[in-house]
Structures are given as C-alpha cells and as structure tokens.
Amino acid sequence: YHRNHYRFNFLLCFDGNLDIQSYQPILNKIANEFFIYETEEEFLSSFYQPERFQNILDKILYGLRNVGSVSLEITANNWLFLKVIPTNTQVNMEPIDSKLVPVINHDIRTLSHTELDLTIAEVLSHIDEIKPLSSLAKESDVTLKEIGTEVSQHLEYFKIIKGFVPLFQYANAYLISPKISLLLNDTNFQLKMVSYLKKDC
C-alpha cells in the first residue's frame, strides 16, 4: 500500500426493505475520516495491520447496530465519532413530557460508555428509574428541550431504554419528611400547595 494512494472503500449491507437514508452520511464520514488519517499520519500505508483494522471495523459495526453511535480511538491523535440520526419517518418528533421517568433496558447496562455519544452517556449515567427527565436534565447539564426530544428519542429508538412511565402513579408509596411541619406553620407554603392542587384538578 503506497503512500497517498487511498485505495480503500467502505460499504454496509442492508435488508432490501430497510430505509438507508440515515446511514448514507455515515459512510461518507467514514471515508472522509480515513482519508484524513492517511493524509496526516499515514494510518494505512505505515501502520496497517489486518487484525487491528478488522477490530476497528467490528467496533464500528457493533456501535451502529446496537447503540446507533460510535466513539472510537483510531490513533493517539484521532478519534472517530459517528451517530445515526433517525429520519422523521422513523421517530415521533413530538417532545416527551419532562415529568416522565425513563425505564432502562437492563441488558444495555453492560455497554461501555466510550461507545456512546458523550451527551447520551452522561444522561445514561444518571438514569435510576426514579428521576424524571427534568431532574436528569439538571444533573446531566442538558436543556429540557434536548432531553425531551433528541436525547430521549435517541435512547428509546436504539432500545437503550424500554420506554417511559409517569412520575406520579397510584401504585407509588410515599414517605413524609420533617418538612411536613411547613404545612402546619407556613402560610405561604399552604397557599402554594392549594394553587398546585387547583392546577391539577
């Protein structure tokens, strides 16, 4: 393999009935990125090792098929970041209520966070099946709009989570805290509680 020959290509095989629109930018980016790796560091011409290259391709395939994103160190100075962006026909783009609680798909917990989009990995690290999206947004330092649309849809579309359940359910059990005394002694707190009850009713 001579320097700057760029004799490489990438392809993905799909079922004939699958919408491949989301994957076309992925292939373009992979080709462009490896062009850069060769130009800057002679990645293929000087460091090509079939086993190492096969390992990279396997990780790309695993990330795209199982997570929908790839975060992969190619060389000491270059990382490859890929993310499948679902088309509008694949995902409901309506915002998800911030009071809903995401339910994790437990077999996904074994995923290494290095294989995930950075924002997705940060949100996933805070999901405990108790906190609603509004709390996860604060802890993950993302906006309510982001977590209610792109992040949640990404998690659900790629089956990282099973779905969402309401924060308040009839089956829930609640414990009072010492702050219950505010209900007896704080007039402002009483008025605020009544106003919330009126909104919900």
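Trp-79 is partly exposed, with a relative accessible area of 38%, where partly exposed lies between buried, under 20%, and exposed, over 50%, for a 1.4 Å probe and protein chains only. Phe-81 is likewise partly exposed, at 41%. The model is a predicted one, in which local features need pLDDT of at least 70 and side-chain atom pairs count only at pLDDT 80 or more, while totals for chains, interfaces and linings use all residues. Residues are numbered from 1 along each chain as its sequence is written, and side-chain values use heavy atoms, with hydrogens and water left out.

A search of the whole structure gives three aromatic pairs, a pair being two rings of Phe, Tyr or Trp (its six-membered ring) with centres within 6.5 Å, called stacked if the planes are under 30 degrees apart, edge-to-face if over 60 and tilted otherwise. Phe-34 and Phe-53 form an edge-to-face pair, with 5.8 Å from centre to centre and 85 degrees between the planes. This pair links distant parts of the chain, since Phe-34 belongs to helix H1 and Phe-53 to helix H3, 19 residues apart; helices (H or I, at least four residues) and strands (E, at least two) are DSSP runs numbered from the N terminus. Both Phe-34 and Phe-53 are buried. Trp-79 and Phe-81 form a stacked pair, 6.1 Å centre to centre with 15 degrees between the planes. Ring pairs also join Phe-34, Tyr-37 and Phe-53 into a cluster.

The largest nonpolar core contains 18 residues, and those with the most contacts inside it are Phe-34, Phe-43, Ile-60 and Leu-82. Such a core is a set of buried Ala, Val, Leu, Ile, Met, Phe, Trp, Tyr and Cys residues joined through side-chain atoms within 4.5 Å. At least two residues of this core come from each of helix H1 (24-41), helix H2 (43-47), helix H3 (50-67), strand S1 (69-75) and strand S2 (78-83). A second, separate core of 17 residues includes Val-123, Leu-124, Ile-127 and Ile-147.

The lining of the largest cavity includes Val-123, Ile-127 and Ile-147, a cavity being a set of points on a 1 Å grid over the protein atoms alone where a 1.4 Å probe fits but cannot get out, and lining residues having an atom within 4 Å of a point. Helix H5 (133-140), helix H6 (144-157) and strand S4 (161-166) are the elements that give two or more residues to this lining, and the largest share, four residues, comes from H6.

Definitions and conventions. On a 1 Å grid over the protein atoms alone, a cavity is a set of points where a 1.4 Å probe fits but cannot get out, and a pocket is an open set with protein on both sides within 12 Å along at least five of seven lines; lining residues have an atom within 4 Å of a point.
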